[in-house]
Amino acid sequence: MKIVVGLGNPGNRYSGTRHNVGFEVIDTLARCPHAGSFREKFESLIAEVRRGADTLLLVKPQTYMNLSGRAVRALLDFYKLSPQHLLVVCDDIHLPLGKLRLRPRGSHGGHNGLRDIQFHLGTEEYPRLRIGVGEPEPGEAVDHVLGRFRASEQPIIAEAIARAAQAVECWAEQGLEAAMNRFNAPDKPAKPSASRSRPSSRSNPASPPSATIPTPDPASLTTLTAPIPVAEPDTPSPPHPTGESPSPSSESASPP
């Protein structure tokens, strides 16, 4: 058995917001023909996807984002699974809109859901799939993640959610490394452009009519090559606020 947890906030008020892309990935997976219906258990909505002897548990915690770890810990304890059998899907404001990043471990990077999961598991050693939701303006992180996507962004995020669901299936069937190799594709490098000086179309008056156009001096040819893009480092994103939240030990819940 493996468990995939999509992070988000419950209720229609938060449906479709940037912070809820994890829920949308789970809903996409739940539409496959092998998935059962959602039921309430461990402060979560849970559905099972059965393929032969394998079971993938689809989970949407209903604790609000900043208390997600409580539900995750209860699930792992009940099924007696290690964090390596877990995949957490969440939003990331430090990634470009629609970009996926799958990692075997890492810090919470300021994300309150990951922060609480790390607290309850006592480790950073669990896989996570981040989905870029675009970077907010300074001081507007809370409004950004609790806001909805603009019309121009919706096709991009819809494609990203579909690809994220495929990444989860790849992780469940082929393992983390295979999923990382397939879905952590680097950004496409810019195509180098070349500028060549063209010979004059005018014929040389001193040349006979049958003379060919003279070949330009090689020194006059200039090639402009775009710089090679540098791969992003694997270091965790710097902390960023996602709203006021209590410490992980607090029992009060707030949406961000």
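Arg39 is partly exposed, with a relative accessibility of 31%; here buried means under 20% relative accessible area, exposed over 50%, and partly exposed in between (1.4 Å probe, protein chains only). Arg39 forms a salt bridge with Glu48, and their closest N and O atoms are 3.7 Å apart. The term salt bridge stands for a side-chain nitrogen of Lys or Arg within 4 Å of a carboxyl oxygen of Asp or Glu. Glu48 itself is buried, at a relative accessible area of 17%.

Glu48 also forms a salt bridge with Arg50, where the closest N and O atoms are 2.8 Å apart. Arg50 counts as partly exposed, at 49% relative accessibility. Side chains of opposite charge can pair when their charged atoms come close.

## About the model

This is a predicted model, in which local features need pLDDT of at least 70 and side-chain atom pairs count only at pLDDT 80 or more, while totals for chains, interfaces and linings use all residues. Residues are numbered from 1 along each chain as its sequence is written, and side-chain values use heavy atoms, leaving out hydrogens and water.

## A network of salt bridges

How many salt bridges does the structure hold? There are 11 salt bridges in the structure. Arg18, Arg150 and Glu153 are linked in a network of them. Within this group, Arg150 forms a salt bridge with Glu153, the closest N and O atoms being 3.1 Å apart. Arg150 is exposed at 52% relative accessibility, whereas Glu153 is buried at 9%.

## The fold as a whole

The protein has six helices and seven strands. Helices (H or I, at least four residues) and strands (E, at least two) are DSSP runs, numbered from the N terminus. Starting at the N terminus, the elements run β-α-β-β-β-α-β-β-α-β-α-α-α.

Of the 256 residues in the protein, 43% are buried. Contact means heavy atoms within 4.5 Å. Among contacts between residues at least 6 apart in sequence, 71% join residues at least 24 apart.

## Helix α1, an enclosed helix

Let's look at α1, which covers residues 21-30. Seven of its 10 residues are buried, so α1 is largely enclosed by the rest of the structure. The buried residues of α1 include Val21, Phe23, Ile26 and Leu29. Their packing partners are β1 (2-6), β3 (44-51), β4 (54-61), β5 (86-92), β7 (128-132) and α5 (154-174).

## Where α5 meets α6

Helix α5 also packs against α6 (residues 176-183), at an angle of about 150° and with the axes 7 Å apart. That makes α5 roughly antiparallel to α6. Axes are lines fitted to C-alpha atoms, for helices over the stretch in contact, and angles run from 0 to 180 degrees between N-to-C directions. Angles under 35 degrees count as roughly parallel, over 145 as roughly antiparallel, 65 to 115 as roughly perpendicular and the rest as oblique.

Which residues bring the two helices together? In α5, Arg163, Gln166, Ala167, Cys170, Trp171 and Gln174 meet Leu176, Ala178, Ala179, Arg182 and Phe183 in α6.

## His108 in its loop

Our last stop is His108, found in the loop between β6 (100-103) and α3 (112-121). His108 is buried, with a relative accessible area of 17%. Leaving aside residues up to four places away in sequence, His108 touches Leu114, Arg115, Gln118 and Arg130. His108 and Arg128 are 20 residues apart in sequence and 10.0 Å apart in space, C-alpha to C-alpha.
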